[in-house]
Amino acid sequence: MMSKAAPAKKPGATAPPPGCSLDINDPQVQKAAIRIQASYRGHRSRKELRETGPPRVLEPLKDVVLIEGSAAKLICRISAFPDPFIRWSKDGKELRDGPKYRYIFEDPDVVALVVRDGELADLGQYSINVTNPFGQCSDSARILVEVPAKIQKGPDNTKARKGTTVTLTAAIMGEPAPNVGWTKDGKDIEEDDRVYFEIGSTNTTLTIRRATPQDSGKYEVYVENSLGMDQSFARVDVA
C-alpha cells in the first residue's frame, strides 16, 4: 500500500529543536517575562541608589505612637554609597543596639529603629545620623507614648486624732494625663479650705485639716484617661 508523501520543506525554513519553541500567548511565558522586567527595573533602581556621594534622606522619619507594653518602629529611607555608618539617639543620647533598641536594615535603602517594651520613659525626640566618607545627613521624629491611667500605689489606711491634719497620697500615672477625683463613702468630695486635694504629675494628695470624727470613713481615689481607669481605697478613722 502506498502512503502519502511528506509535505515538501520550504527553502530556508528550519524547524526549531525540540523544546525550544515559545508561545508568547502562553500565560506561563507572560509571567516569566513580567518577572524578568521587574528584576531589571529593581537592578536599575538599586544601581541608581548606590551612586557614590554623601548620604541623603529620601523619606523622612514620622512621629509614631507607642502603647505601653508594645513596640514602636521608626523607619527612614536613605540613599548612601559607600555603605554608611548609622547612629540612633534619643534626646541627644546615643542608643545602643540591644534588647531594648534594635537597629534594623530591611532593604539597601531602608533603615529602622525598633523600641521594645514601651513605657512612659520612651517618650522623646529620636534622631538618626547617617555618615559615609563623603558626608552625613540626619533626621528626627518623636515617639509619643500612651499609657492607661493607673494608680501605682494607693493611699494607706490612717488613724488620726481629732484636730490633727490627715493626708492621703496616691502615686498615679497615665498618658494622656488622667483626670483625678476623690470620694468619701461613695460621694464626690466638695473642696473647701479645710478639705481639698492636689494633683501633681506623678501623685495626688487629699488633705483634711482639723480632722473631726465626722471625717472618718472610706475614701476612694480614681484616675481615668482615654485608655483606661483605676481606683484605690483607704480607711480613715478619727477619734
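# Exercises on burial, salt bridges and strand pairing

Aspartate 215 is buried, with a relative accessible area of 7%, where buried means under 20% relative accessible area, exposed means over 50%, and partly exposed is the range in between (1.4 Å probe, protein chains only). The structure is a predicted model, in which local features need pLDDT of at least 70 and side-chain atom pairs count only at pLDDT 80 or more, whereas totals for chains, interfaces and linings use all residues. Residues are numbered from 1 along each chain as its sequence is written, and side-chain values use heavy atoms, with hydrogens and water left out.

## Exercise 1

Identify the salt-bridge partner of aspartate 215, and state where the two residues lie.

Solution. Start with the criterion: a salt bridge is a side-chain nitrogen of Lys or Arg within 4 Å of a carboxyl oxygen of Asp or Glu. Aspartate 215 meets this with arginine 194, their closest N and O atoms being 2.9 Å apart.

For comparison, take the salt bridge between aspartate 156 and lysine 153, whose closest N and O atoms are 3.3 Å apart. Here aspartate 156 is partly exposed, at 48% relative accessible area, and lysine 153 is also partly exposed, at 47%.

## Exercise 2

Describe how arginine 77 and glutamate 59 are related, in side-chain and in strand terms.

Solution. First, the side chains meet in a salt bridge of 3.9 Å, N to O. Because arginine 77 lies in strand E3 (residues 72-81) and glutamate 59 in strand E1 (residues 53-59), the pair ties together parts that are 18 residues apart in sequence. Second, examine the pairing, for which two strands need at least two DSSP bridges between them. E1 and E3 run antiparallel and are joined by four bridges, and glutamate 59 stands opposite arginine 77 in E3. Third, consider accessibility: arginine 77 is partly exposed at 27%, and glutamate 59 is partly exposed at 46%.

## Exercise 3

Which residues touch the most other members of the largest nonpolar core, and which element gives the most to this core?

Solution. A nonpolar core is a set of buried Ala, Val, Leu, Ile, Met, Phe, Trp, Tyr and Cys residues joined through side-chain atoms within 4.5 Å. The largest such core has 24 residues, and those touching the most other members are Leu74, Trp88, Leu113, Tyr126, Ile128 and Ile143. Two or more residues each come from strand E2 (64-67), E3, strand E4 (85-90), strand E6 (101-107), strand E7 (110-115), strand E8 (124-132) and strand E9 (135-153). E9 gives the most, with five residues. A second, separate core of 20 residues includes Ile172, Val180, Tyr219 and Val221.

E3 and E7 are antiparallel over six bridges, with lysine 73 having valine 114 of E7 as its bridge partner. E6 and E7 are likewise antiparallel over six bridges, with isoleucine 104 partnered by alanine 112 in E7, and a hairpin of two residues joins E6 to E7.

## Exercise 4

Is threonine 183 buried or exposed, and what surrounds threonine 183?

Solution. Threonine 183 is found in strand E12 (residues 179-184) and counts as buried, at 5% relative accessibility. With contact taken as heavy atoms within 4.5 Å, and neighbours within four places in sequence left aside, threonine 183 is in contact with Asp188, Ile189, Lys218, Tyr219, Glu220 and Tyr222.
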